[in-house]
Each structure stands twice: as C-alpha cells, then as structure tokens.
Amino acid sequence: MKLQLYVPDGRYAPWIEGFAEVLPEAQCLTWEESRDAQADFAVVWRPPVEMLRGRTDLRAIFNLGAGVDGILRLRDDDPAALPAGIPIVRLDDAGMAAQMAEYVSAAVLRDFRKLDAYATQAAAGTWKFIKPHRRADFTIGVMGIGTLGSHIARTLAQFGFPVRGWSRSAKHVEGVQPFHGDAGRAAFLDGLRVLVNVLPLTPDTENIIDADLLARLAPGAHLINVARGQHLVEADLLAAVKAGHIGAATLDVFREEPLPAEHPFWQEPRITITPHISALTLREDSIAQIASKIRALGEGKPIAGIVDIARGY
Ligand code: NAP
Ligand code: GLV
C-alpha cells in the first residue's frame, strides 16, 4: 500500500516515522519525490492543484485538518481540480475538540470574571472590587454545533451559562438551546453576550459575521472567531468595536495569515489575536485516526468524516 503525503512546511520526517509505526505495511512517499507515481491514499494539508487534478489511482484523500476549504477552494480557479468519485475525508476531532473547548472557555471566563480589568488595576497597585457580571445575563451562542462546536457548547453549559447552538439541520446537544437554518438565525443571535463562530467555510457561511449580524448581539458583546478569517467582514467588526457596540473580540483566524504587521487589528486593544492555534492538528492522534480509517476501508467498513462536496463540508 502506498501513501502520498503533502504538508506545506515540507517537514515530512515525523509524519513518515509516525505512519511507519502505526501502519508498517504502508510505503510513505512525499509528493515531491513521487509526482509521477501512483498511490492508494493521499494525506494532505492545503495541497497544490497538480497533486489531485485528474487522479484515478487514489482510493481516498485524507485532509490533515477539520476544515476542507483548503482543498475545495482548488475548484475556484479550476472546476476540474478535484478528481471525481474519490472521497475526501476530514479529521473528525482527533484531539481538536478538547483544545477548542479550552481556548473558548479561557476567552469566555476571562471576560465573565473581568480578569483584564483586574490585571489593569493590579498593574497600578489598586485593590478594588468590580461589580461582577450576572451569569444569567451572559448568554453564549455557538454558530456551528458539529464535532467541535457541540463539545464547546457542552463545556460552556457545564459552567452554568445559558448556551444556544445554531446548525444547518436540527440538532440536540445536552444543555444547549437549539436553533437551525435561516429561519432560526435571528432568534439564535438575538441579544447574545458572546458569539462563538466554529462554522465551516462554505459559500453559505463566507462573510456571515457582518454589520447586520453584529448589530443583533447585546451591547458590549464579545465575538470569538475560531473558524476561518473569511467568515468575518473585518471592517464591520472594527467599526462595531470603535462604536462600542462590540466590547471585545478574540480572533484566532484571519483572511490573511500571518496577519500583516500593518493590519489595524494589531492596534485595537479590545481585540485579542492568536496565530491560528485554537485547535492544532495533533500528529499522533491524526495518524492514528487516518490509519484506523484506512484499515476500515480495507475491510469494507464505513468511516466517519467523508466530506459532502456539494454541501462544502
Ligand atoms: P463539522 O463537524 O462539520 O460541523 C460544522 C457545523 O456547522 C455543523 O453543525 C453544521 O450544521 C454547521 N453548519 C454548516 N453550514 C451551516 C450553515 N450554512 N448554517 C448553519 N450551520 C451550518 O465541523 P467541525 O469539525 O466542528 O469544524 C468546524 C470548523 O472549525 C472547520 O471547518 C474549520 O474551519 C474550523 N477549525 C478551526 C481550527 C483552528 O485552529 N482555528 C481548527 C479546527 C477546525 P449540521 O450539523 O446541520 O451539518
Ligand atoms: C484547522 O484550521 C483545521 O481546519 O483543522
């Protein structure tokens, strides 16, 4: 069995060693060394179009992340970029849900417990009580309650916050008030104190966080974007922060990454910036998941995480 790998940073050795340990029957080749070779499976993150266009040999393409926009966007410039009939399989949690829940909980609790205000006071040597928020006033909405979002929502509900979730189809997540579809969107957003975005990037969700959406949140609301930069209309967020309607934003993802040095977000103290780290692809977990799916496919068993290409996620 042959696996063909592509990672943009070119650091193949740990991936090849990892697959050799878990799937010793597989020969692991880098894309650069095997351009003309056939393979059974491709394992990729943001691959070049030449790697996939016209392939008929592959049995599946494994994406080294949860979001598949890096593969599906190849069709923007070349409608035939993706080989027909070859399943694309995304990572399904693989250790990302726990990381996301930690990241989002940290941002929410920092805000709810006013830790930034206390840090400012402490820097000035000030010992002073600040009136706390009421938990009941701190409604949190999670946009996208799939693999990652449902875990985030459940975690936040365990702190006792009122939590709402929004999905495309009707969903039940314990402790979370469900909303779905275009019809449920306005009621989901209405008066949220915190909005967490963990949607996939699709034509339906691009630019979804715009002036109209932000205006529906509670005054002083906190936006947490851990999904994709293209979900957010950046100028609309800056305007809403400057107007005081949005009190804080915690952003892990951006239209352009790394965020350019001259970007106005760097100058806005109410915006917290992290470099796309809210849920890292964990090598060991990812290799174990892909290896077990390759074995399942070999045994003719169904696997989770096959992307619905028409739906975009
Ligand atoms: P997932 O399991 O596919 O869940 C996606 C959720 O979004 C589902 O609940 C889906 O609804 C909902 N959704 C999709 N389109 C919608 C629409 N038009 N309207 C309303 N709801 C919609 O995906 P996941 O594994 O949780 O990952 C989500 C995203 O997180 C990824 O696509 C990726 O972009 C991002 N991510 C970011 C990082 C990071 O480090 N920043 C790391 C990993 C992932 P249904 O349940 O009805 O299908
Ligand atoms: C990371 O952004 C991912 O989609 O896994």
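**Close-up 1. Ligand 1 and the residues around it.** In this predicted model, ligand 1 sits among 31 residues, and the closest of them are Arg90, Thr147, Ser169, Lys171 and Tyr313. Sorted by type, that shell comes out as 14 nonpolar, 10 polar and 7 charged residues.

**Close-up 2. Backbone contacts to ligand 1.** Ile145 puts a backbone N or O atom 3.1 Å from an oxygen atom of ligand 1. For Arg168, a backbone N or O atom lies 3.0 Å from a nitrogen atom of the ligand. On its own, ligand 1 would expose 940 Å², and the protein buries 94% of that. Helix H5 (96-112), helix H7 (147-158) and strand E7 (163-167) are the elements that each give two or more residues to the shell. H7 gives the most, with 3 residues.

**Close-up 3. The shell around ligand 2.** Ligand 2 has Trp45, Gly65, Ala66, Gly67, Met96, Arg228 and His276 around it. By type, these split into 3 nonpolar, 3 polar and 1 charged.

Close-up 4. His276 uses its side chain instead, with an N or O atom 2.7 Å from a ligand 2 oxygen. Taken alone, ligand 2 exposes 190 Å², of which the protein buries 88%.

Conventions. Residues are numbered from 1 along each chain as its sequence is written. Chains are lettered from A and ligands numbered from 1 in the order in which they are written. This is a predicted model: local features need pLDDT of at least 70, side-chain atom pairs count only at pLDDT 80 or more; totals for chains, interfaces and linings use all residues. Side-chain values use heavy atoms; hydrogens and water are left out. A residue is near a molecule or strand if one of its heavy atoms lies within 4 Å of it. A polar contact is a pair of N or O atoms within 3.5 Å; within protein, one must be able to donate a hydrogen and the other to accept it, and residues adjacent in sequence count only if both atoms are side-chain atoms. Accessible areas come from the Shrake-Rupley method with a 1.4 Å probe; for residues, only the protein chains shown count as cover. Ala, Val, Leu, Ile, Met, Phe, Trp, Tyr, Cys and Pro count as nonpolar, Asp, Glu, Lys and Arg as charged, and the others, Gly among them, as polar. Helices (H or I, at least four residues) and strands (E, at least two) are DSSP runs, numbered from the N terminus.
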